[in-house]
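Here is a short briefing to read alongside the model. Take a look at the structure first, and then we can walk through it together.

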Amino acid sequence: MAHVLVLGASQGIGLETTKAALAAGHRVRAFARSAAGIGLADRSLERFTGDALNAGDVAAALNGVDVVVQALGVPARDLIGPVHLFSDATNLLVPAMETAGVRRLIAVTGFGAGDSRDAIGFLQRLPFRLVFGRAYDDKDAQEMRIRRSGLDWTLVRPGVLTPGAATGRYKVLTEPSSWRNGLISRADVAGYIVAQIDRPSQERKAVVLIR
């Protein structure tokens, strides 16, 4: 079983990944500014209060871990202004991982990041740009920094996120010609991430996940 560091573990995909990794028998270090409030009870869970933009916090959190899951998010209210969280956190994380000797990184970005932007349908492009443009410009920079690293990375690009339990019925689109948008639950994204912890099969690849 792996020792997994989940960055952004207090909500969304990060919280679902924490739950799924614990259920799979892994040890989880759940990193978030509000980690103390994570309402899970498991002997294999370590709550780690820290800031993904603080070098000391990140370096300390990397101690002894095998895999890092980066699942950061920004509140909807912050989408109207400049977004730098994803790239700034990644510019700090990647060299810290290289220094610590932690090679495996699974980073959640989203459909529309990087070269998947070309797969956005014509009618979706303008509203996507208006609502998510600043955040996805920053996710582009995040992905580029990860690709330039020497880490064993996987870029996870889910479609439109929904609530609900994991179904295990989702598509992993690996070829750019197959990429398209669609719905997927956060729990199913977490299921894919944990599967990649257990049996890595898409290292140094970007995948799109939809139902």
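Helices (H or I, at least four residues) and strands (E, at least two) are DSSP runs, numbered from the N terminus. This is a predicted model, in which local features need pLDDT of at least 70, side-chain atom pairs count only at pLDDT 80 or more, and totals for chains, interfaces and linings use all residues. Residues are numbered from 1 along each chain as its sequence is written, and side-chain values use heavy atoms, with hydrogens and water left out.

**Overall fold**
- The protein has five helices and 10 strands.
- Its radius of gyration (taken over C-alpha atoms) is 16 Å, close to the 17 Å from the globule rule (2.2 Å times the number of residues to the power 0.38) for 211 residues, so the protein is as compact as a globular protein of that length.
- Along the principal axes, the C-alpha atoms fill a box of roughly 50 × 35 × 35 Å.

**Annotated domain**
- UniProt, in an unreviewed entry, places the feature "domain: NAD(P)-binding" at residues 8-200; such annotations may be inferred rather than shown by experiment, feature names are shortened, and positions follow the numbering used here.
- Residues 8-200 are 38% helix and 19% strand, and their end C-alpha atoms lie 22 Å apart.

**A look at Ala 30**
- Ala 30 sits in strand β2 (residues 27-32).
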